[in-house]
Amino acid sequence: MNDHSHTHSAAGEVSSFLLTVPFLIALIVYIWAAAYSKRWPFYRSVFWTGGILCALGALIGPLAEKAHTDFTAHMAGHLLLGMAAPLFLALAAPMTLLLRTLHVNHARLLAKALKSKLVRFISDPTTTLFLNIGGLWLLYTTSLYAAMHEHTFLHVLIHLHVFWAGYLFTVSIVYIDPVSHRRSFLYRAVALVFALAGHGILSKYLYAHPPDGVPAAQAEAGSMLMYYGGDAIDLVLIIVFCFQWYKAARPRSVLA
Amino acid sequence: MNDQRKYGKNQIHYSARNLWSGFLFGIGFIAFFDEMVFHQLLHWHHFYDKSTTGIGLVSDGFFHAFSWLATVGGLFLFADLRRRHALWLKRWFGGVLLGAGVFQLYDGTIQHKLMGIHQIRYVENILPYDLTWNISAALFIIVGAVIVLQTKKEISYE
């Protein structure tokens, strides 16, 4: 019994370490680049720091500990890692900062890579919608959720997926960084509605059909947190999206 | 001087946008009202009713998602009309009533009754609640349609 919990926490430490370090490095590199770059807006650094803190809040500390046994805590972590952190990080325009900071030759190579067909494919809202919402359905409606708590490797992989799918989805809907393959507002709005709906439907489904090994009471509280918390974060995403339309659709001629 | 006429021209040019802005906001507003009053404050509605059908869950999910985007999008369209000096409040309000009425009628008939999402209130005699709900929805639609048709007449007079 003791042994079992011991190996569990050791594995937990390994996965926390593997997941945390990249975020810490990202924080240091960004702040360094922001200080190095001339006139980089301060609020963008605030967004970046906020996003990193959201991710860390889900990966280490009391919430991450509790998430192993408590579905509501797991869901709070999911909202932080898969939705709040990506939104904050996207608003920090990391690619713009990177392109500015890199040596001009490297920046050109990166810009060229961003125009590639692969990037076009994985940054299309339809793709990111499936990666994001499809991944969640797979996680919570199959035995994957239970398996995640048994295997460290799976734990790391799923958390990486939740974060990256959330990030790719966010940047495929709102264009903060330069985008070479732009999609129309209507196309993105439709993808956004499908994503919101997929998230909401899954929340209500989980309310009645808990994942393997999750008690009913926890599933109810967790799914309601998923539903309303998701709505709150999505509201910010929707406002940013509509504001971008408002700016893009401004009248060209001067009105009296 | 001739500002008055110029604004009128903008309103007519953007008459469809006035209607759509109101319609979207109407859907969003009534869905928000439903969530706030009946789910959160009164606790009449259930988050999930065990008799909800699969299709009901999907329909509810899509309408909820759409209404969330519609609320914000409708308001940004409103702001856009204002900056173009094209806001036509009467037509916009007609759109609000139409949007609210259409959504409430859909919610009250197809979603509540046919798909069994959740009932308005869990009481023995639900009929008065259903009647109030759907008749008020029908009234919204009728008044909204009258206003929209009236403003449409004003367009053709121009």
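**Close-up views of a predicted two-chain model**

**View 1. Helices H4(A) and H10(A) are oblique to each other.** Residues are numbered from 1 along each chain as its sequence is written, and chains are lettered from A and ligands numbered from 1 in the order in which they are written. The axes of H4 (residues 71-91) and H10 (residues 152-173) of chain A come within 8 Å and cross at roughly 40 degrees; axes are lines fitted to C-alpha atoms, for helices over the stretch in contact, with angles from 0 to 180 degrees between N-to-C directions. Helices (H or I, at least four residues) and strands (E, at least two) are DSSP runs, numbered from the N terminus. The crossing of H4(A) and H10(A) is right-handed, the near helix being turned clockwise from the far one by less than a right angle. Contributors to the contact include A:His78, A:Leu81 and A:Pro86 of H4(A), and A:His159, A:Phe163 and A:Tyr167 of H10(A). Two residues are in contact if their C-beta atoms, placed from the backbone, lie within 7 Å. By class, this contact has 11 nonpolar, 5 polar and no charged residues. Ala, Val, Leu, Ile, Met, Phe, Trp, Tyr, Cys and Pro count as nonpolar, Asp, Glu, Lys and Arg as charged, and the others, Gly among them, as polar.

**View 2. The contact between the chains draws 24 residues from chain A and 21 residues from chain B.** On the side of chain A that touches chain B, two or more residues come from each of helix H11 (185-208) and helix H12 (216-248). H11(A) gives the most, with 11 residues. That side of chain A divides into 20 nonpolar, 1 polar and 3 charged residues.

**View 3. B:Ala138 lies in helix H5 (residues 127-157) of chain B.** With 14 C-beta neighbours inside 10 Å, B:Ala138 counts as partly exposed, a class between buried (20 or more other C-beta atoms, placed from the backbone, within 10 Å) and exposed (12 or fewer). Leaving aside residues up to four places away in sequence, B:Ala138 touches B:Gly101 and B:Leu105. B:Leu77 is 61 residues from B:Ala138 in sequence and 26 Å from it in space, C-alpha to C-alpha.

Terms used:
This is a predicted model: local features need pLDDT of at least 70, side-chain atom pairs count only at pLDDT 80 or more; totals for chains, interfaces and linings use all residues. Angles under 35 degrees count as roughly parallel, over 145 as roughly antiparallel, 65 to 115 as roughly perpendicular and the rest as oblique.
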